[in-house]
Every structure is written in C-alpha cells, then in structure tokens.
Number of protein chains: 2
Amino acid sequence: MSEILDFDVAVIGSGPGGYVAAIRAAQLKLKTVVIEKGEIGGVCLNIGCIPSKALIYQAELFRSQPELQKLGIKLDLTEFNYEKVYLESRKAANTLSKGVSFLLKKNGVTVIKGNAVFQTEKELIIDDKQKIRAKSIIIATGSGPKEIPGFEFDNNLVMSSTDALLLKELPKSVVILGAGAIGVEFAHIMNAFGVEVHLVEMMPQILPGEDNEISELLQRSFRKRQINIYTSTKASGIKKGENSVEVKLETEGEQKSLIADKLLVVTGRVPNTEGIGLEKTSVKTDKGFISVNSNYETSIKGIYAIGDVVKTPLLAHVASKEGEIAVEHIAGVKTNKKLDPYGIPGAVYCEPQVASFGYTEADARKQGKDCKVSRFPYKGIGKAVAVGKSDGFVKLVTDSQTGEILGAHVIGSEASDLIHELLLAKSAELLPTDIADMIHAHPTLSEGIMEAARLSENRAIHI
Amino acid sequence: MSEILDFDVAVIGSGPGGYVAAIRAAQLKLKTVVIEKGEIGGVCLNIGCIPSKALIYQAELFRSQPELQKLGIKLDLTEFNYEKVYLESRKAANTLSKGVSFLLKKNGVTVIKGNAVFQTEKELIIDDKQKIRAKSIIIATGSGPKEIPGFEFDNNLVMSSTDALLLKELPKSVVILGAGAIGVEFAHIMNAFGVEVHLVEMMPQILPGEDNEISELLQRSFRKRQINIYTSTKASGIKKGENSVEVKLETEGEQKSLIADKLLVVTGRVPNTEGIGLEKTSVKTDKGFISVNSNYETSIKGIYAIGDVVKTPLLAHVASKEGEIAVEHIAGVKTNKKLDPYGIPGAVYCEPQVASFGYTEADARKQGKDCKVSRFPYKGIGKAVAVGKSDGFVKLVTDSQTGEILGAHVIGSEASDLIHELLLAKSAELLPTDIADMIHAHPTLSEGIMEAARLSENRAIHI
C-alpha cells in the first residue's frame, strides 16, 4: 500500500446522493473520486426506485387486459412468465447503472470499486489496499432494509424489499408488513399479477404520512382490487412452515393469523453507517444517523454526510439535492439553497398514483393554521374521463387569509408529474391565483391542477 | 311569438368557449342563457378533442401489444372490431356532454336548444319561435372543417375530421391532407390500428407551427412506424373511383399520385359566422373572423365574440379563457387578464406527444433575439428509461442575457402535462433557475423539465 491518491472530494457511495454530488463537484472543477462497493447507482438504480418502476409499468400493462378485452382482443396467458417481467426490470436497472458510469467518466470523476473505510478524518482505505486522501469526504452510503426482531430476513420465506424486487417467480400469496410507499407499491405490483395480497399497517391508515383523504381513496381502490388491508394492526410473531409462513396479527386487542407463501417486511430502513470506520473519526451520530448542519457538514470540518445516512426524508431526490448543497458549500459557491421540509415532494407509484408535499389537512389544523381545503375531482377533468382514469382528486390546503399554499395532495393518474406545477408555485411563493389564471392546455390532466387552484378562489368551472 | 325572455347574458354556442363563459357569468350573478343548436359541449366535447383523445388512448392500448407479447402474452385479434373503439369514444363524449349539461343546470344557466339568429343587436330569435333579449350577447359558435375546392367532403370517400371521428370501420388505406395537429393525430390513430397512412403537408415539415427539431423527431418516429410522409407537397386534384380515391400530388415540381380507400382533408377550419343573422348587426368582420378588442367585445357595444370565430389560435382552452375574460368584462370584474400569444400552450396527442408555447428557435432567431437553446433528452430521465419511453426531449429557448423563457417545446411521453410547469414559470416571470433549483420527485418525467432548466445554466447532471 505505497500509493496515496489525492483528491479534492471523495464520495463514499454512488447512489443518487453520491453520484450527483460527484458530478456536481467535477462540474465545479474539484478533483473527485467516488468509491462504490456495490453497483454504480446504489440502491435507487439497482434495487430500488428504478427496477420497481419498471415492474410497476409492466404491472400496469398487465392490468390493461380488461380494456383490451373490451375491444374484442383475446389474451392467452399460458406462456406468461413473471421472470420476463423481472428481466425487463433488470434491463432498465442495468441501462441506468451503465448510464451513470458513463456520466461519471464523462465528467472526469474517478470511480473506484471497493469498500471505503475511514483511517483518519482525511483518509480512506479501500479494501485494505488503496489509500485515498481528500480535502473533503462525503458519506453517501445510503440505507438498507430494516430488520425487526422475530421477523429476520431469511432470503426465502421472510423477504426484504431487495428480495422481493429480485423474485423471478411470484408467490401465490404474500403478507406485507408495512404500508408505507414501498409496501403499497409491492401490494400494487403483486396484486396486478394475481398474487393474494395481505397488507398490514400498524398505523390507522395505509401510507401513514399522507393526507388521510388520499389514503382513504387509495384504500377503497385497493379493496376493490381484492387487496386485503389490515390497519391499526401489529404483527406479533411468525411461525415458519416448509413453504409458507404464518403471521400472527393483533388488531385492537383481537388476534388473528394469516398463512401465506411469503412474508415481505418493509417497515423501514436503517442508515448504512457500520463498517466504514466512522469510529476512527469524531463524527457525531444520533440514533444511527449522522448529525449534520444545513450544509450537510458533520461535526468534523471537511466531512459531509448526505442522503439516507442523515435524518431527512429517505428519498432519492432529497439525497441528490443534499449532495448538490454539500458540494456547492465545499466549492465555496454562494447560494442560499436550503431544503424546505414543506417543499419536498413525495410520490407513490401505485394505481392511482399519489404525490404530495407540505402540510396535510390534519397537520395544518393541528398546528392551528387557519386553512382552507379545496378538493377537485378527476371526474371534472375532461381528459381523465376521455381515457377512463377519473378516479382521484387534487387537494389543496391553503391559508384562508393569504391564499398561501401550505400543502398539496394529488391522487390519480400521473399525480407524480402533476404535483410539480403546484410545487413550483409554492417554492416561488406564487399563489393559487397564478395557477388559476394561467391558461392550461385542453384536454390535459393539468387542468385538474388549475381547477383546484380556481376552486380555492371559488371560481372552478367543472365542479 | 309573444313571449320575450330577458337575460343579462346570452351565449350562442355551448362549446368550451360558450359553456365556460356561461358558467362564469352565472357565478358572477348574471342571468344567463346558452343557445345550442347541436349537442351541448360543441365540437370539442362531441366531435373534437374529447372523442379523439378516447380514440388515441385506445390506439395506445392497442399499440402495447408488442410489450405484452414480450411478457409471453399471446393476443388473438380475430374478434377485434374497430367499432368497439368508436363506441368507447362515443361513451366518453356522451358522459362529458351530459356533465356539461349538469354543470350548466347546477349553476342556474338556462339552456335552449335551437338555432339563434340576431334580429337586432340586443335580440335573438331561436328557430323562428322564441325571442331572447339580452344586455350582452356572446357569439361562441365555433368553427367547422374547411372545404377546399376540388376536394369537397362527400361523407364517403372524401372525409372531414368529423367523418373520420365517426367512422365505425377503418379504411385499409388513407391519404391525409394536412399535417397540423388534427392530421397528425389521425395519422397516429389510424396507423396504430393498421391502416396504411399517407400524410401530405404543403409546408416543409409536419406540424408546421412547431419547432423544427420537434417536428423532425416526430417525423422520424412516424416513418419508423411506416407512416408515409410527403412534405412540401400540394394536392392538385382527385379522381374518385367506386371504393377508392386517387389523389394527385406535386412535390417541388414532381408529380405523383396515390390511390387509397379514403381521403381525409384536414387543412384548416372556418369560423361559423353564417346563418346567425350577423348582417342584422353592424358587427365588423375580417376575412370571416369577427373583429374584437382585448375584452373580446366586437365593434358593437354589448356584443362579444370568443373562440374559433375570432382570429386567435383555434384551441378549446383559448376559447374558454376568452369566454372568461369577456364575461368578467361584462360583469365589471377588475382584472388585467390578457391572453399573451407567447403564453398559449398547444398539445398534440400523437406518440411521442408534443406540447409547446412561445417562440420556436427559428422564430426567436428570425426576430433577432439573442437566445440560448437547451435540449435535454428523455434518455437522461430515469423514469423514461425505466418504462421504455426514452424517445423525446425538452427544448428550452431562453434569452442569453437574462435567462427569460422565450419558448418551450417538449416531445415525449406526457409532454402535454409536463409543459405546464414551464408555462407557470414563464407566466409568473420566473427564471429557469427557479425550476433548476427546485427539488423534483424521483423518478418522474418532470425531472427532464428540471434538467432542461439546469442545462440552460450549464449545470445539468444527466447529460
């Protein structure tokens, strides 16, 4: 281990936090290295957002069967094979992982495959072989599936989200513990392909963080599709059989148990802060998360942490933005970019889709906000009716006095894209009037955004 | 004809101009009547935007066959029947027409079915029976397919867009004259269902009004699908056979002719200003269009005209906005709403979709603007790659000095919705920076909008 490589910035991890930070650093003329022990692109690209969206897209194709049958088209599924769905998802993941490798190279970022461990606060050792010294080090090691005692992953009967993404064959039945975004997306995928799904959530609603009316509509829609939902329900234990697993549940004191081929546990994620030699530094942590200031610098000058290892929402786009802020701070770029916690969009790719930011109605009321709620249904959107996707609504929570947008919640077709017009209004401190007065192309789903804004001023047309 | 009904506002025509004007008038406490001689909702709802979007949605479903086959699903088309596609489109049109009737009623608007003719500048006669007197009259009679001498519609071999929308059986081959939005959408629909399509355009590009790079990509995509395209080509005449029609074409001096089952002529539309007794008023017209001021008031105080009868873009959403402006003027609402010609979005529902507003690159350069062009490809959008829709790009035309958004052009999946984030930025006088810095949910197509904005500041990540 003679050679020491010197860099301005070393980034540990090449997920959406790490690779964006590295590319941005290179753009800012910093000599940059990324160290990745797994696949380039991290969880998001390889075993997260991207392959799951490829599965979901195919689930939606698969779910179009009744519509095709309505046109007189007969479908023969005897040679349908879920492995082909899986393979398509791997293709998407591989294409994008290669794409990120290409971008890193194109931007002059050095990529080293291996496991990076802090040796000092300025030095990393890669696989006990290579030494790297960097003026700034960014920890972007992400997170992994959280294991609950008594429900340990066994890569067979008890699955993590990773296991579920990599299934080549679907079980006949599944119990999903946790109805957050990941649980709900898997419920959607598996149900679409004919799996008997039991979705269990400890909190009183699925998607516990979302506005409760959004959650209610999704719940109705899921129940119509025969997805079994158990809210306010705890799992107290499991009993494994040879090819099945029994899950014991407790709902408000009542016990029941479910037997299914597989159990999928998606109750949370834990930051990957072990095994990177953090103990060789004085970096402060808090319950496993790395403590940072608003530039994402840790308690040690020159060491930064971004993404799932810090205590902000575990979202790819949050990691990317944090990476950008950290790197611009390192480069001395003067900005006052800050992450507004009420301006972070979230999206869930079930059907109907869910997307939102800011205050839920309940949050706003709890905090004593004098707020107005405007709810515009997809049934009032011509395009939605024309294409048979009229399930959903746009819900705006605004300040009754000023009109300020406190939160926006969309459930329905293309919600994940539609939310951005509202978010731009919020982040640029525009008012519903600005959207309400703007001419929107007809017929588009975006007209629903316009109408929700008009509704908040009592001048919607189609309601 | 004894009774005279008195109203504050009488609206002639219940299309997207008329019905929106009427509802808005009712909201503003004006006693309002709408007179409609055809179906409630006008062309747009009944034989325009809405049924065509229903056909297009089904065309897209139909085109998903190769993707389904990739999953091992076999499709049997022997009982496929285009009439079912047609019937679905009628269902959508009827639902929405009924919806508008309901909205009019709910808002207290009187609806009279019949043909309205001016008797004086304050009075209309309906079907020679009923007399209506109104303080303000809004002409919202829309437009109809334009007939070209030598290519007259015969409701059989030579079709208008209305005829094409109402086909219960598709021809084996079609020549489409005119590659504007309507022509391109029918080319998309008919090709999707296996019709041999010949698309003829006099101008040097299909979608003549769009940015030429957008048009080029669409053209390549159409050619890949075996749509035959003839640009810079005039049709000089036709010869009808028993079940086919020969169309003579001339391309830069060269003659050729095409024989097809049907000819669809979609070269333009003409305002419906005949037969409404305009000659009984002193309302000024200009080449068939009614002349109006910026409040959509004609040369006669109290008579307004909106939508396709005035010389603004023939778009449903333009008509609606004009209706709103006219009514608010009538009601004395103080606004400074104006239609900015560079802020009107247009959308074409082919595949890939096209949406745009403002200056094309060529327009900007022609007008001597010091402009910057930023072109971000869908291939750089994770979601687009994950769902196999990576054909397309977002093109921004900005002022080199100030960053001001001069125009935006999107071709690709969901373009018609995505355009609105950019349009909001433009209409609220925001800059690309505002979009570039805003956190966008991952993975969404909207990230392509963010990246185009970042690109205009040389800080895109995924290119």
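Predicted model: local features only at pLDDT ≥ 70, side-chain atom pairs only at ≥ 80, totals over all residues.
**Exercise 1.** Determine how covered helix 1 (residues 18-27) of chain B is, and what its buried residues pack against.

Solution. Start with the count: nine of the 10 residues in this helix are buried, a residue being buried if 20 or more other C-beta atoms lie within 10 Å of its own. Among the buried residues are Tyr19(B), Val20(B), Ile23(B) and Arg24(B). Next, list the neighbours. In chain B, the buried residues pack against strand 1 (4-12), strand 2 (32-36), strand 7 (130-139), helix 2 (42-47), helix 5 (82-106) and helix 9 (316-331). Finally, look just past the helix, where Lys29(B) has a positive phi of about 70°.

**Exercise 2.** Trace the pairing of strand 6 (residues 123-126) of chain A and assign its side chains to faces.

Solution. Take strand 5 (residues 116-118) of chain A to begin with: its pairing with strand 6 is antiparallel, over three bridges, and four residues separate the two strands in a hairpin. Ala116(A) has Ile126(A) as its bridge partner. Then turn to strand 7 (residues 130-139) of chain A, which pairs with strand 6 in the antiparallel sense over four bridges. Here Ile126(A) stands opposite Gln130(A). In this hairpin, with three residues between the strands, Asp127(A) takes a positive phi near 45°.

**Exercise 3.** Describe how strand 3 of chain A is joined to strand 3 of chain B.

Solution. Both strands span residues 74-76, run antiparallel and are joined by three bridges. Within this pairing, Asp76(A) stands opposite Lys74(B).

Notes: Residues numbered from 1 in each chain as written. Chains lettered and ligands numbered in written order. Buried ≥ 20, exposed ≤ 12 C-beta atoms within 10 Å, placed from the backbone. Contact = placed C-beta atoms within 7 Å. Pairing = 2+ DSSP bridges.
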